[in-house]
Amino acid sequence: MRLSEATWTEVADLDTDLAVLPVGSTEQHGPHAPLGTDFLNAESIADAGAEVFDDDVLVAPTIPVGVAEEHRAFDGTLWVSPDTFRAYVRETIESLAHHGFDRVVVVNGHGGNIEALAECCRRLSRTGDAYAVSFTWFNAVGEHSSDMGHGGPLETALLRHTHPELVREDRIDEARDGAADRWGEWVAGVNLAHDSDEFTENGVVGDPAGGDAERGGELASLAADALARLLTAVKEKSLD
């Protein structure tokens, strides 16, 4: 059940304590992919995982702005501080818990959110207000995960599968020509670059041409199955 599409009485009648909360970012993804890529992909996987899951689960509205200051050089990027982001996610989960949905899987679509989400979920779980864990879809797609970039093959593939009308296909060559091969500028295991414009000309990392709609469908299936397995584990976990 999607919370935003349900009435309060339907929510009251829902017999589950389990919810998913999609989170992402509004940030540049090169000249070919929309700024909403991260939250759109998180939302797609949350919906797909909930559909595969063999029980009731509430799908909360997506949080579309995250920890993304590293992309500030590119127009349209929005960001909040890690403190603000953690507080917003925490209080959203606390409000879900108030209504009985106190087992929450946060479905994440943005790498910059990972550290803040891990800390937020640990803190919530330790205080006993709710039990929460974070799931990042592109880390749950098997061997494909090694190809994760930024606006690269994985994100572009998933968009081509779920939102093909938003991919600017006529700009794919431009995107790949200005892309970096890897994220960051590394020396002795340290990334010297704090912002993405220091190492990628147009904001892209990886080759978006390597991600077609067929691959996007496979990514969606792998991530949805992984999320469903996680939901089962969270549902069955003893919290005594």
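Reply: Start with Glu 119 and Arg 123, whose side chains meet in a salt bridge, with N and O 4.0 Å apart. The term stands for a side-chain nitrogen of Lys or Arg within 4 Å of a carboxyl oxygen of Asp or Glu. A quick word before going on: this is a predicted model, where local features need pLDDT of at least 70 and side-chain atom pairs count only at pLDDT 80 or more, while totals for chains, interfaces and linings use all residues. Residues are numbered from 1 along each chain as its sequence is written, and side-chain values use heavy atoms, with hydrogens and water left out.

Back to our pair. Both partners sit in helix H4, residues 114–127, and because they are four residues apart, about one helical turn separates Glu 119 from Arg 123. (Helices are DSSP runs of H or I with at least four residues, strands are runs of E with at least two, and both are numbered from the N terminus.) An α-helix has 3.6 residues a turn, so residues three or four places apart point the same way.

How covered are the two? Glu 119 has a relative accessible area of 30%, so it is partly exposed. Arg 123 comes out at 44%, so it also counts as partly exposed. On this scale, buried means under 20% relative accessible area, exposed means over 50%, and partly exposed is in between (1.4 Å probe, protein chains only).

Now for a bridge that reaches further. Asp 147 and Arg 215 bring their side chains together in a salt bridge at 2.7 Å, N to O. This one links distant parts of the chain: Asp 147 is in the loop between strand E4 (131–136) and helix H5 (153–162), Arg 215 is in helix H7, and they are 68 residues apart. Asp 147 is partly exposed at 37%, whereas Arg 215 is buried, with a relative accessible area of 15%.

Across the whole structure, a search turns up 14 salt bridges. One of them pairs Asp 55 with Lys 235, their closest N and O atoms being 2.2 Å apart. Here the link spans 180 residues, from Asp 55 in the loop between helix H2 (37–52) and strand E2 (58–59) to Lys 235 in helix H7. Asp 55 is partly exposed, at 33% relative accessible area, and Lys 235 is partly exposed as well, at 40%.

Rings of Phe, Tyr and Trp (its six-membered ring) pair if their centres lie within 6.5 Å; planes under 30 degrees apart are stacked, over 60 edge-to-face, and the rest tilted. That gives two aromatic pairs. In one, Trp 137 and Phe 138 have ring centres 5.7 Å apart and planes at 80°, so the pair is edge-to-face. Trp 137 and Phe 138 are both buried. Trp 183 and Phe 199 make the other edge-to-face pair, with 5.0 Å between centres and 70° between planes. Trp 183 lies in the loop between helix H6 (172–177) and strand E5 (186–187), and Phe 199 in the loop between E6 and H7, so this pair ties together parts 16 residues apart in sequence. Trp 183 is partly exposed at 33%, while Phe 199 is buried at 16%.

H5 is worth a stop too: the helix is mostly covered, with eight of its ten residues buried. Among the buried ones are Leu 154, Glu 155, Leu 158 and Arg 160.

Stepping back, the chain has seven helices and six strands, which follow the pattern α-β-α-β-α-β-α-β-α-α-β-β-α along the sequence. Its radius of gyration, taken over C-alpha atoms, is 18 Å, close to the 18 Å that the globule rule gives for 240 residues, so the chain is as compact as a globular protein of that length. That rule is 2.2 Å times the number of residues to the power 0.38. The C-alpha trace spans about 50 × 35 × 30 Å along its principal axes, and buried residues make up 50% of the 240 residues.
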